[in-house]
Amino acid sequence: MPTETCLYICLFLTGISINCTVSKDLICSTIIPIPKKSNGTAADSENYRGIALSSILGKILDNVILEKYHDRICTSGLQFGFKRISSTDMWKRNSVVLYETSNFDASKAFDRVQYYKLFRLLIKRGLPAFVVRLVSLIYWTCYTCVVVWLIASEYFVAHNGVKQGGVASPVLFCIYIDDLLARLAQSGVGCFIGFNFVGVLGYADDIVLIAPTPSAMRQLLLICDTYAVAYDIMFNANKSKMYFGAQNRRSLHNAMKECIFEIRGNQILRVDSFSHLGHIITSNLDDSEDILQKSLFYRPSKHFLCFFKQTVRLRLNF
């Protein structure tokens, strides 16, 4: 990027920060519905995920805030989502343990973020007042439209939710959910490795609770219920899974099978294995199914790379 262009962008961002005035380019976005499942029903609105497309200037502003105030917006070590040197493989390795484990998912979590509560959390983290004011102004006055088959709707004001597809949106959501991880850690209930609490592990809106006994698990679920009511989070019991890994302790394992666990008044389904974030997690700590899934992915990938390589050679020879 030319030096002169960078100078003008810096002056522009500095001006809107000082005067707390945003242009139309920063507050307008376009939502593109993306199907969640290729074999899902096209007429079902639940089968779509809205991805917000915003301006380049808005993305530059997000990157500046994330880079300059990284130390104040960093989340707990129990959160693995949207962090450097962090992946679903690391999350999965830490999630598979020998105890009672509950994995539950927040339904439309990004869309249910309450702005005034999010901004209070940013103030609590010590972000400068002008930064919180600027971010709040961008979100409170955010105009968006929905585009389906090249047909755009009228612009409307979004009163809650962070933009999926935005640069800073995942970090803002992790901040929104980070207080829940802190409350669970402060409870002292759950599993520990030495003095390190590992009773909860998060990957954005996917949360894993790990507890040695049914009573401990119910206490953790109660904390989640309380937090969900306070911050308007809807945990989806249909997508949540419960599995028991204490097979080496037969008496405890059999007793756990008879226990019923609920989240927001709905029973959590008990399973022996399930697919999550591209991994097959089993209660017997066997990775054979997960390795098979990866091999099914690697095989066509290698065929594609080989074909692509030959195509490039043919083009060069021609």
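Is R112 buried, exposed or partly exposed? With a relative accessible area of 27%, R112 is partly exposed (buried is under 20%, exposed over 50% and partly exposed in between, with a 1.4 Å probe and protein chains only). The model is predicted, so local features need pLDDT of at least 70 and side-chain atom pairs pLDDT 80 or more, while totals for chains, interfaces and linings use all residues. Residues are numbered from 1 along each chain as its sequence is written, and side-chain values use heavy atoms, with hydrogens and water left out.

Three salt bridges turn up in the structure (a side-chain nitrogen of Lys or Arg within 4 Å of a carboxyl oxygen of Asp or Glu). R112 pairs with D232, N to O at 2.9 Å. D232 sits in the loop between α9 (214-230) and β11 (235-244) and R112 in the loop between β3 (100-106) and α6 (115-124), so this pair ties together parts 120 residues apart in sequence. Helices (H or I, at least four residues) and strands (E, at least two) are DSSP runs, numbered from the N terminus. D232 is also partly exposed, at 30% relative accessibility.

Next comes R125 with D178, whose closest N and O atoms are 3.0 Å apart. This pair links distant parts of the chain, 53 residues apart: R125 is in the loop between α6 and α7, and D178 is in helix α8. D178 is buried at 9%, whereas R125 is partly exposed at 23%.
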